[in-house]
Amino acid sequence: MFIDEDEEVIEIELYAQQFKWTARYSGEDNVLGKANVRYIEGVNSLGVDPSDPNAQDDKVVSELHLPKGKKIHFKIRSQDVLHSAYMPHFRAQMNCVPGMVTEFAFTPIYTSDEYRNLPFMIEKVNRINNLRTKKSTELVAAGQPALDPYTFDFLLYVIKFVEHHTITCK
């Protein structure tokens, strides 16, 4: 997670809650506003300090979009229990603990479309869809709906250690 002081990065907070992830992008100032669980109330589900000027331009989203070739600095928090943020296609995994901020950084080198068009990924998707086609034939014969074709997307898996749940976020 090496970040030089003068290096340009995009600051993103990942916030783990039971059965969901929320992302908060730093705004135009590229500084995340302060947050604390004491501020969680009503629509402020991340506990962002409403009096912090750096928080005024932060953007809260449920789907991540990362630019290719730009270093991303993740700050990860958990509201309730120990969670693990797992991004298998980036070979990245980080645990988050309530009351602490864990951090890591990486630079995406492919867009989703570029990754989908890599020869090994085309072959993999074709194998998966051949299996889905065969299974769909069985399902339709049994009066059930066919399976939709598989399309690759980068994913963020959330593993909640207390109850052994896995949740997926695109």
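Modeller: Let's start with a strand contact: Met-87 has Ala-92 in β6 as its bridge partner. Strands here are DSSP runs of E with at least two residues, helices are runs of H or I with at least four residues, and both are numbered from the N terminus. The model is predicted, so local features need pLDDT of at least 70 and side-chain atom pairs count only at pLDDT 80 or more, while totals for chains, interfaces and linings use all residues. Residues are numbered from 1 along each chain as its sequence is written, and side-chain values use heavy atoms, with hydrogens and water left out.

Biologist: In which sense do β5 and β6 pair, and over how many bridges?

Modeller: Antiparallel, over 5 bridges, with β5 covering residues 83-87 and β6 residues 92-96. Two strands pair if DSSP finds at least two bridges between them.

Biologist: Which residue in that hairpin takes a positive phi?

Modeller: Arg-91, near 50°; the hairpin has 4 residues between the strands.

Biologist: New topic: where does Gly-47 lie?

Modeller: In the loop between β2 (20-25) and β3 (59-61).

Biologist: Is Gly-47 buried or exposed?

Modeller: Buried, because its relative accessible area is 0%. The cut-offs are under 20% for buried, over 50% for exposed and partly exposed in between, with a 1.4 Å probe and protein chains only.

Biologist: What does Gly-47 touch?

Modeller: Leaving out residues up to four places away in sequence, Gly-47 touches Lys-34, Ala-35, Asn-36, Tyr-39 and Ile-40. Contact means heavy atoms within 4.5 Å. Ala-35 is 12 residues from Gly-47 in sequence, and their C-alpha atoms are 5.1 Å apart.

Biologist: On to the rings. How many aromatic pairs are there?

Modeller: The structure holds 6. One of them is Tyr-110 with Tyr-115, which is edge-to-face because the centres are 5.6 Å apart and the planes are at 65°. Rings of Phe, Tyr and Trp (its six-membered ring) pair if their centres lie within 6.5 Å; planes under 30 degrees apart count as stacked, over 60 as edge-to-face and the rest as tilted.

Biologist: Why does Tyr-115 count as buried?

Modeller: Because its relative accessibility is 12%. Tyr-115 also forms an edge-to-face pair with Phe-120, at 5.7 Å centre to centre and 90° between the planes. Phe-120 is partly exposed, at 47% relative accessible area, and Tyr-110 is partly exposed at 33%.

Biologist: Which residues do the ring pairs link into a cluster?

Modeller: Tyr-110, Tyr-115, Phe-120 and Phe-152.
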